[in-house]
Amino acid sequence: MRYISTRGQAPALSFEEVVLTGMASDGGLYVPETIPQLSKEELADMAGCSYAEIAFRVMKPFVNGEIDDDTFRGLVKDAYATFSHDAVVPLNQLDANHFLLELFHGPTLAFKDVALQLLGRLLDHFLKKRGERAVIMGATSGDTGSAAIEGCRHCDNLDIFILHPHNRVSEVQRRQMTTVLADNVFNVAIEGNFDDAQAMVKASFANQDFLNGTRLVAVNSINWARIMAQIVYYVASAVALGAPHRKVSFCVPSANFGNVFAGYMAYQMGLPVKQFIIATNANDILHRTLAANDFSKQELAATLAPSMDIVVSSNFERLLFDAYDRDGDAVAALLERFQQEPTALAEAPLAKLREKFSSHSVDDATILEVIREAHHRTHEILDPHTATGYRAAERARADAATPMVTLATAHPAKFAEAVVKAGFPGVPLPPHMDDLLEREERYTVLPAELEAVQRFVADQRR
Ligand SMILES: *Cc1c(COP(=O)(O)O)cnc(C)c1O
């Protein structure tokens with residue numbers, strides 16, 4: 001198994017190389033050259049297996065023998081032992097045929113833990129084997145930074161630097177990052193906004209001379225290993241609901257499209273999926289593209305579901321590659337046009353997407369209404385991201401007979417602002433985090449100047 005770029009020009013890579021590489025050199029994203037298949041028998045055999053065992057079986061073909069089975073099993077087992085629920089990602093039945101897939105039982109209470117707990121361990125494994133060290137740099141306005149820090153805090157061969165905008169991240173989100181006091185974790189509060197932080201990270205990837213040859217690694221959702229890890233919960237939940245003998249539908253609160261793309265990969269591997277519903281907040285590029293073929297950027301809106309606030313959906317490119325029959329030149333041309341002006345997909349690829357995907361966009365007022373309504377009906381308090389999914393599942397569902405699985409992407413305690421605005425007294429943090437607000441914090445405040453940030457990274461890395 002090799003990995004190829006969605007823009008057709010970059011060299012094909014092995015699994016190890018693709019884990020250590022972010023974006024392809026031609027500006028594209030890496031995808032597997034061929035899609036491994038899960039037979040009906042293999043799916044049926046997973047019934048009753050632990051999550052870690054299903055994860056091992058689903059991901060093994062992507063790893064391509066580059067890690068021996070026992071070692072890979074161990075990495076997977078360790079990654080999911082950090083989750084506080086024995087089922088790792090339990091299904092919670094809401095009504096006759098609607099289920100919540102709770103992806104928020106990891107260390108930072110959002111679904112990004114599922115991928116980042118494994119990615120940190122994979123990186124550390126490959127770096128150790130090569131006798132190398134690497135530096136991770138990322139900018140965050142919330143969920144990704146804390147999940148990346150938790151995923152890397154025990155990694156001997158990695159130093160991680162996460163930039164967040166000073167005084168512009170919620171207290172819970174900041175403390176989830178800054179109270180991790182490990183020697184290889186560096187939190188930097190930038191005197192600027194998120195875009196300033198992001199721009200400095202981008203510039204550092206573009207010119208890495210300041211690190212004198214040490215590898216810089218990206219852990220954002222363009223890293224293939226994150227997608228790979230997320231395929232697993234689609235398979236595990238569908239099998240629990242009767243696959244391969246019964247079809248399942250999924251509704252996914254979406255932003256950069258990494259999560260729902262992983263579901264599409266599971267479908268391509270042979271999982272019987274009837275429908276994928278893409279839920280967006282007011283930042284609705286995915287919904288506009290699917291519903292109205294309006295593939296254009298719009299101003300960023302700050303919403304009550306901040307982890308879904310995006311202008312461009314980076315992983316949508318992976319789906320376009322498939323819709324355009326894996327024609328890298330056509331994808332590159334479309335995305336170049338998109339960068340410059342509002343554009344549209346060609347008829348045939350759009351028709352292909354519409355066979356499997358539906359979409360629905362949910363504004364802030366509706367998010368609050370849904371949190372109240374869902375509580376009234378089911379006694380669950382949904383986080384604002386999951387609330388977009390709850391409404392989209394209701395509105396865009398193709399049929400009532402197929403079980404609908406809505407992905408619960410965060411714990412409501414993490415996004416208390418929306419919950420309180422919806423009229424609830426708030427939600428307590430789970431027991432392992434209930435002293436978060438008293439823990440010691442450590443972070444460094446730096447000006448929004450590239451040179452100052454790069455000097456700090458170069459000096460502090462071990
Ligand atoms: C990151 C995130 C999303 C969006 O996921 P994508 O993979 O970017 O589509 C949704 N909800 C929460 C809580 C998140 O942290």
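This is a predicted model: local features need pLDDT of at least 70, side-chain atom pairs count only at pLDDT 80 or more; totals for chains, interfaces and linings use all residues.
A polar contact is taken here as a pair of N or O atoms within 3.5 Å. An oxygen atom of the ligand is placed 2.8 Å from a polar backbone atom of N256. For F257, a backbone N or O atom is found 3.0 Å from an oxygen atom of the ligand. The side chain of T409 contributes an N or O atom at 2.9 Å from a nitrogen atom of the ligand. On its own, the ligand has 390 Å² of accessible area, of which the protein covers 96%.

Strand β6 (residues 158-165) is paired with two other strands. With β5 (residues 134-139), the pairing is parallel and extends over 6 bridges; within it, A139 has L163 of β6 as its bridge partner. With β7, the strands again run parallel and are joined by 6 bridges, and H164 is positioned opposite A189 of β7. Of the 8 residues of β6, 8 are buried, so the strand is largely enclosed by the rest of the structure. Burial applies to both faces of β6, with L158, I160, I162 and H164 on one side and D159, F161, L163 and P165 on the other. D159, located in β6, has a relative accessible area of 2% and is therefore buried, the cut-off being under 20%. The side chain of D159 forms a polar contact of 3.3 Å with that of R133. In strand β7 (residues 185-191), 6 of the 7 residues are buried, so this strand too is largely enclosed by the rest of the structure.

Helix α9 covers residues 224-240. At 1.5 Å a residue, its 17 residues should span 24 Å, and the end C-alpha atoms are 26 Å apart, in agreement with that value. Because 16 of the 17 residues of α9 are buried, the helix is largely enclosed by the rest of the structure. At the start of α9, the backbone nitrogen of A225 has a side-chain oxygen of N223 within 3.0 Å. The helix is followed by G242, which has a positive phi near 115 degrees. A cis peptide bond, with omega about 5 degrees, connects A243 to P244. P244 belongs to the loop between α9 and β9 (248-253).

Positive phi values also occur in residues other than glycine. V88, with phi near 65 degrees, is one of these. V88 is situated in the loop between α4 and β3, and its relative accessible area of 6% makes it buried. The loop between α4 (69-81) and β3 (91-93) also contains S84, which counts as exposed at 52% relative accessibility because the cut-off is over 50%. The C-alpha atoms of S84 and H105 are separated by 5.5 Å, although the two residues are 21 apart along the chain. H379 likewise has a positive phi near 65 degrees. H379 lies in the loop between α15 (364-378) and α16 (384-396) and counts as exposed, with 64% relative accessibility.

Technical notes:
Residues are numbered from 1 along each chain as its sequence is written. Side-chain values use heavy atoms; hydrogens and water are left out. Helices (H or I, at least four residues) and strands (E, at least two) are DSSP runs, numbered from the N terminus. The expected span of a helix is 1.5 Å times one less than its number of residues. Buried means under 20% relative accessible area, exposed over 50%, partly exposed in between (1.4 Å probe, protein chains only). A polar contact is a pair of N or O atoms within 3.5 Å; within protein, one must be able to donate a hydrogen and the other to accept it, and residues adjacent in sequence count only if both atoms are side-chain atoms. Accessible areas come from the Shrake-Rupley method with a 1.4 Å probe; for residues, only the protein chains shown count as cover. Two strands pair if DSSP finds at least two bridges between them.
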